Amino acid sequence: MKPFPVLIVALMIGLAGFALSRSLLEWQANNQQPVVSVAAEVVAKRTDVRGRGSADSGLTRTYYYGTFEDQTGIRREFRLSGQEYGQLAEGDKGILTYQGSRYHSFQRRSSPTLP
């Protein structure tokens, strides 16, 4: 077997292993963090479309993100489902629940006294 194709396959396997181990480490780190609920405001929303072709071609994937700011001014960005993303509006105030870098929920409050 020629060394170049073997090198390419080994590189691909190595990159996949690195990505998997990184994901597992993040998952484990999140599990060790406490679940935190804080008053927060939705300060930004964004999408990230990845892939090739048009959005209708099925060759793309859209990732949804929301940025929340707590009472101390700390901002945190979390990946959201499309449904959660669609239900949020910038300026919404409520209770953000998260664990490490893992988003749990955002419960909107109608009270104007929250930050």
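Six aromatic pairs are present in the structure, which is a predicted model. In one of them, the ring centres of Tyr64 and Tyr85 lie 4.9 Å apart, and the pair is classed as tilted because the ring planes meet at 45°, an angle between the limits of 30 degrees for stacked and 60 for edge-to-face.

A second pair is formed by Phe78 and Tyr103. Their ring centres are 6.0 Å apart and their planes are at 50°, so this pair is also tilted. Phe78 is located in strand E3 (residues 75-80) and Tyr103 in strand E5 (residues 102-108); the pair therefore ties together parts that are 25 residues apart in sequence. Both Phe78 and Tyr103 are buried. These two residues also belong to one aromatic cluster, together with Phe68, Tyr98 and Phe106.

Two arginine residues are placed over tyrosine rings. The charged end of Arg46 sits over the ring of Tyr65, at 4.1 Å from the ring centre. Arg50 lies over the face of Tyr63, and here the distance to the ring centre is 4.7 Å.

In soluble globular proteins, nonpolar side chains tend to be buried together. The largest nonpolar core in the model consists of eleven residues: Ala40, Val42, Phe68, Phe78, Leu80, Tyr85, Leu88, Leu96, Tyr98, Tyr103 and Phe106. Two or more residues of this core come from each of strand E1 (35-51), E3, strand E4 (93-99) and E5.

With regard to the overall fold, the chain contains two helices and five strands, arranged from the N terminus in the order α-β-β-β-α-β-β. Of the contacts between residues at least 6 apart in sequence, 46% join residues at least 24 apart.

The radius of gyration of the chain is 19 Å, while a compact globule of 115 residues would have a value near 13 Å. The C-alpha trace spans about 70 × 40 × 20 Å along its principal axes. Buried residues account for 20% of the 115 residues in the chain.

Helix H1 (residues 3-31) includes Ser23. This residue counts as partly exposed because the relative accessibility of Ser23 is 46%, and the class of exposed residues begins over 50%. Ser23 and Pro5 are 18 residues apart along the chain, and their C-alpha atoms are separated by 27 Å.

How values were computed. Residues are numbered from 1 along each chain as its sequence is written. This is a predicted model: local features need pLDDT of at least 70, side-chain atom pairs count only at pLDDT 80 or more; totals for chains, interfaces and linings use all residues. Side-chain values use heavy atoms; hydrogens and water are left out. Rings of Phe, Tyr and Trp (its six-membered ring) pair if their centres lie within 6.5 Å; planes under 30 degrees apart count as stacked, over 60 as edge-to-face and the rest as tilted. Helices (H or I, at least four residues) and strands (E, at least two) are DSSP runs, numbered from the N terminus. Buried means under 20% relative accessible area, exposed over 50%, partly exposed in between (1.4 Å probe, protein chains only). A charge sits over a ring if NZ of Lys or CZ of Arg is within 6 Å of the ring centre and within 35 degrees of the ring normal. A nonpolar core is a set of buried Ala, Val, Leu, Ile, Met, Phe, Trp, Tyr and Cys residues joined through side-chain atoms within 4.5 Å. The radius of gyration is taken over C-alpha atoms; the globule rule is 2.2 Å times the number of residues to the power 0.38. Contact means heavy atoms within 4.5 Å.
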